[in-house]
Amino acid sequence: MSFHVIEQAPARLNRSELAVPGSQPQLFEKAAQSDADVVFLDLEDAVAPDDKAQARKNIIKALNEMDWGKKTMSVRINGLDTHYMYRDVVDVVEQSGGRLDLIMIPKVGTAADVYAIDMLVTQIEDAMGYKKRIGFEHIIETALGMQNVTEIAGASKRNESLHFGVADYAASTRARTTNIGGVNPDYSVLTDPLEDGSRAVHWGDMWHYALARMVVAARANGLRPVDGPFGDFSDPDGYRAAAKRAAVLGCEGKWAIHPSQVGLANEVMSPSEAEVKRANRILEAMAEAAAAGKGAVSLDGRLIDYASIRQAEVLVQKAKQIAG
Ligand code: GLV
Ligand code: MG
C-alpha cells in the first residue's frame with residue numbers, strides 16, 4: 001500500500017437512491033415506506049421554477065414531521081449558477097438540519113464549487129449548534145465536472161459519494177443518446193470480414209469511460225461511487241443490465257427514479273448468497289494457508305492469495321452491513 005492513507009467516508013448503505021420531487025409531497029409517504037437506502041428530495045431538475053419555493057417548504061416540513069425510519073435523507077439543491085441555491089442551503093439546513101444527512105450538489109464543476117457550499121453549510125451548522133456534520137454527494141454530470149472529478153472528490157471532508165448523472169452528462173458532452181441512461185446501438189464495432197466473409201458486431205457501452213473514471217476518483221478518495229438514473233421505468237431488464245455494468249465496475253448503488261426500480265437496485269447491488277459463501281471459503285482457506293506458512297494456495301483449482309483476502313473481506317463486510 002501507499003504511505004498515503006485513504007480516509008473512508010462514513011459507511012452507509014447506498015445500494016438504491018430514490019429520487020422524489022420536492023414539489024410532489026403526495027409521493028413522500030410511499031418513499032418513506034420504500035426499501036430505498038437513501039432518499040433524495042429534489043429541489044432541482046424535477047421541480048419547475050415557479051414551484052421551487054413551495055418545494056422547499058414541503059421538504060422542510062417532511063424532514064421535520066415525517067418518520068423516515070433509518071433512511072439516509074438527502075436534499076438535491078439547485079446548481080451554483082442559479083439564484084435558488086443559497087436559499088435552498090440556508091432554509092433547508094437551518095430549518096431541518098437535524099434530520100438531514102446529506103446535501104446533493106448537482107452539476108458540480110470545480111473544487112471551488114464544493115468549497116463554496118462547504119463554507120455556507122459550516123457557518124449554518126456552527127450558528128445552529130448542530131452536532132452532526134452534513135455530508136455531500138456530488139453529481140458528476142458535466143464535461144467540466146468530469147475533467148475535474150479528482151479535485152472535486154478531494155475537495156471537502158464532507159464528501160461522501162460521487163454520482164454519474166448520465167442525462168446532463170449526455171447534454172453537456174453532446175453525446176447521442178436515446179433515453180436517459182440508455183445505450184445508443186451506433187456505439188458498436190463492425191469487424192473486418194472474417195474468414196467465411198461474415199462480419200461481427202460488438203456492442204459497446206458508451207458510458208464506460210465516464211463511469212470508470214468517476215469510480216477511480218471516488219475510490220481514490222474514500223468515496224462511494226453511485227450510478228445515476230435509468231429513465232425507462234417500464235424496462236426492468238434494461239435497468240438491471242445498466243446496474244450490473246455499474247456494479248461490475250465498482251459502483252455501490254444506483255438511482256431509482258421510480259419506486260419500482262428500488263428493489264432492482266437493492267438486488268443487483270447486494271452480494272449474492274453464493275458470492276458471500278465463496279468469500280467466506282476464501283477467508284477460511286487463506287487462514288489455513290497462513291497457519292501453514294503459505295502466502296498463496298489453490299481453491300477449487302484457482303489461485304488465491306492476499307489480494308483475494310481483500311476482495312473477500314469487502315464482500316463479507318458489505319453482507320454484514322446489509323444484514324444490519
Ligand atoms: C441526473 O441529474 C442526470 O442528469 O442524469
Ligand atoms: Mg442532472
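Student: What should I know before I start?

Tutor: The model is predicted, so local features need pLDDT of at least 70 and side-chain atom pairs count only at pLDDT 80 or more, while totals for chains, interfaces and linings use all residues. Residues are numbered from 1 along each chain as its sequence is written, with chains lettered from A and ligands numbered from 1 in the order in which they are written.

Student: Into which domains is the chain divided?

Tutor: Domain bounds come from an automatic or database domain assignment. Here they give domain 1 (16-270) and domain 2 (274-323). Taken over C-alpha atoms, the centres of domain 1 and domain 2 are 33 Å apart.

Student: How do I read a pair of packed helices?

Tutor: Two packed helices are described by the angle between their axes and the distance between the axes. Axes are lines fitted to C-alpha atoms, for helices over the stretch in contact, and angles run from 0 to 180 degrees between N-to-C directions. Helices themselves are DSSP runs (H or I, at least four residues), numbered from the N terminus. Take helix α2 (residues 52-65) and helix α3 (residues 85-96): their axes come within 9 Å and cross at roughly 20°. That is why α2 and α3 count as roughly parallel to each other; the term covers angles under 35 degrees, with over 145 roughly antiparallel, 65 to 115 roughly perpendicular and the rest oblique.

Student: Which residues of α2 and α3 meet?

Tutor: Two residues are in contact if their C-beta atoms, placed from the backbone, lie within 7 Å. Arg56, Ile59, Ile60, Leu63 and Asn64 in α2 meet Asp88, Asp91, Val92, Gln95 and Ser96 in α3.

Student: What about α11 and α12, roughly at what angle do they cross?

Tutor: The axes of helix α11 (residues 273-291) and helix α12 (residues 306-323) come within 9 Å, crossing at roughly 135°. α11 is therefore oblique to α12. On the α11 side the contact includes Val276, Ala279 and Leu283, and on the α12 side Ile309, Ala312 and Val316 are among the residues. By class, this contact of α11 with α12 has 10 nonpolar, 2 polar and 1 charged. Ala, Val, Leu, Ile, Met, Phe, Trp, Tyr, Cys and Pro count as nonpolar, Asp, Glu, Lys and Arg as charged, and the others, Gly among them, as polar.

Student: Which residues are around ligand 1?

Tutor: A residue is near a molecule if its C-beta atom, placed from the backbone, lies within 6 Å of it. Around ligand 1 these are Pro106, Ile139, Glu141, Gly165, Val166, Ala167, Asp168, Gly228 and Pro229. Helix α7 (residues 166-173) supplies the largest share of this shell, 3 residues. The shell around ligand 1 has 5 nonpolar, 2 polar and 2 charged residues.

How values were computed
Helix = DSSP H or I, 4+ residues; strand = E, 2+ residues; numbered from the N terminus.
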